[in-house]
Amino acid sequence: MAAIQTSLLRDVDGKETKVNVEKTFADYRMYMMTVPEDIMPKVTPSYSLVPPSNTNAFHSSTEDTAIKRVDYEIKRDNFMQRVQRAVNRLSKRERELIIKTYMTYEDVYAFDIYNEMGISEATYYRIREQAFYKLAFALRLQVYKETETPA
């Protein structure tokens, strides 16, 4: 099993995969701005995201704009829930780092996060890289290196 994992990681284009994960978090942060704060998931002390449970949604088939808005909200909510589920599968330290760095309204600096977490800069980036690979596979964002075909 370890050989398969090593082989998979060796075939992954780390740079492009990282770009995809960062783009996903940029999209997540943009979507956060469109969600009313009272229905945003709460961050628990163990750094887990607890999504709200919405049971009654208003749907109007007579107004085209209402339909488009509902479609957008469904797409947004599905995307955000997918990201939240993937983040919740990370280890506690990885979750804490990802939530504090990418899943808040404020832009933060890595320096602030690793000082707050009580870890070194090198440890911060090592944990982040591990989390990015896990998230890339969980969200199917990984990019594989192109193999050259013999001419």
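Modeller: Thr-24 is buried, because its relative accessible area is 9% and buried means under 20% (over 50% is exposed, in between is partly exposed; 1.4 Å probe, protein chains only). Keep in mind that this is a predicted model, where local features need pLDDT of at least 70 and side-chain atom pairs need 80 or more, while totals for chains, interfaces and linings use all residues. Residues are numbered from 1 along each chain as its sequence is written, and side-chain values use heavy atoms, without hydrogens or water.

Now find Thr-24 on the model: it sits in helix 2, residues 14-32 (helices are DSSP runs of H or I with at least four residues, strands are E runs of at least two, numbered from the N terminus). Setting aside neighbours within four places in sequence, Thr-24 touches Phe-79, Val-83, Leu-139 and Leu-141; contact here means heavy atoms within 4.5 Å.

There is another buried threonine to visit. Thr-123 belongs to helix 6, residues 121-138, and counts as buried because its relative accessibility is 18%. Its side chain makes a polar contact with the side chain of Ser-120, at 2.9 Å (N or O atoms within 3.5 Å, one able to donate a hydrogen and the other to accept it; residues adjacent in sequence count only if both atoms are side-chain atoms).

Let us look next at a pair of helices. The axes of helix 4 (residues 92-102) and helix 5 (residues 110-117) come within 10 Å and cross at roughly 145 degrees; axes are lines fitted to C-alpha atoms over the stretch in contact, with angles from 0 to 180 degrees between N-to-C directions. From helix 4, the contact uses Arg-93, Glu-96, Leu-97, Lys-100 and Thr-101, and from helix 5 it uses Ile-113, Glu-116 and Met-117. Sorted by type, these are 3 nonpolar, 1 polar and 4 charged residues (Asp, Glu, Lys and Arg are charged; Ala, Val, Leu, Ile, Met, Phe, Trp, Tyr, Cys and Pro are nonpolar; the others, Gly among them, are polar).

Helix 4 is mostly covered, with 9 of its 11 residues buried. Among them are Leu-97, Ile-98 and Ile-99, along with Tyr-102.

Finally, step back to the whole chain. It has 6 helices and 2 strands, in the order α-α-β-β-α-α-α-α. Of its 151 residues, 34% count as buried. Among contacts with a separation of 6 or more, 71% join residues 24 or more positions apart.
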